[in-house]
Amino acid sequence: MNEVPSITLNNGVRMPQLGYGVWQVPDDEATAAVTNALEAGYRSIDTAAVYQNEEGTGKAIAASGIAREDLFVTTKLWNSASETWTRDSVLREFDASLARLGLDYVDLYLIHWPRAVREDYLTILRTFGEIAESGRARAVGVSNFQPAHLNRVLEETPVVPAVNQVELHPYHQQAELRSYHAGHGIVTEAWSPLGQGKELLGDPVVARIAEKHGRTPAQAVLRWHLQLGNVVIPKSVTPARIRENFDVFGFELDGEDMAALSALDSGTRLGPHPDEFDEF
């Protein structure tokens, strides 16, 4: 089995650099998908309340026979615009996620979006700090936050997010945000690390680099992420693809490869801009 490198978060917790994401995996398929991922060697699983597959994910974890301390489980608070979050409502939602997962604690708990219109993410982060202090989340962080959001968090709460999970792939590399993270002890985690799939993976530059190393385009892109220091959570429900995405440690891209992939940056997003997304 390949040895997955880990990154030390700002509170000393170690997080695998390669994980398995279950976005868009229906709950009735999540158990099989996560089971396949765990059998392939993944030990980090990323889910969220809004994915509606925490129960299926939890069933796979429970049946795996893998010691809880050997797993790294992430879930997220879906801070919907239907209510203004308070300390009590955050705690209730966190308890509900733990119950659906069948776990006593998670390794990482994230706010899913900053929300452009309402700014109760400050209240949420303060409550996340309490959850972390209780040990029921080993680390806490954010998702889709921009520097302006992070500045407010650092200025107005005692919490320094351990992770910011954002859209990141060769077509949208977020260099400014990654630089901000590096300067503030925040780990960059990439969702949609392979872009939209066919377009990026069919790019001639990606194809050429993959062929050079005798690898698939997906493996070449994931290797680029790992060498940049990003945490990645590729998603697939196909067992062969799950195994392929895990097999990214037996080769290394050279400086020319890294530069060629970095030159693909066009700032093209697949998802909404965090400053504009408030349609929950």
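**Reading helix α11 and its surroundings**

Me: What are the angle and the axis distance at which helix α9 and helix α11 pack?

Reply: Two packed helices are described by the angle between their axes and by the distance between those axes. Here helix α9 (residues 217-228) and helix α11 (residues 255-262) pack at about 100°, with axes 11 Å apart. The axes are lines fitted to C-alpha atoms, for helices over the stretch in contact, and angles run from 0 to 180 degrees between N-to-C directions; helices are DSSP runs (H or I, at least four residues) and strands likewise (E, at least two), numbered from the N terminus. This is a predicted model, in which local features need pLDDT of at least 70 and side-chain atom pairs count only at pLDDT 80 or more, while totals for chains, interfaces and linings use all residues. Residues are numbered from 1 along each chain as its sequence is written, and side-chain values use heavy atoms, with hydrogens and water left out.

Me: Which residues of α9 and α11 make the contact?

Reply: Contact means heavy atoms within 4.5 Å. On this criterion A220, W224, Q227 and L228 of α9 meet M258, L261 and S262 of α11.

Me: Which residues of α11 are buried, and which exposed residues does the face turned away from them carry?

Reply: A residue is buried when its relative accessible area is under 20%, exposed when over 50%, and partly exposed in between (1.4 Å probe, protein chains only). In α11 the buried residues are D257, M258, A260 and L261. Seen down the axis of α11, these buried residues fall within an arc of 165°, so they line one face of the helix; the arc is that of the directions from the helix axis to the C-beta atoms. The face turned away from the buried side carries the exposed residues G255 and E256, whereas the cover over the buried residues includes α8 (204-213) and α9.

Me: What does D257 touch beyond its sequence neighbours?

Reply: D257, in helix α11, counts as buried at 1% relative accessibility. Not counting residues up to four places away in sequence, D257 touches I209, K212 and H213.
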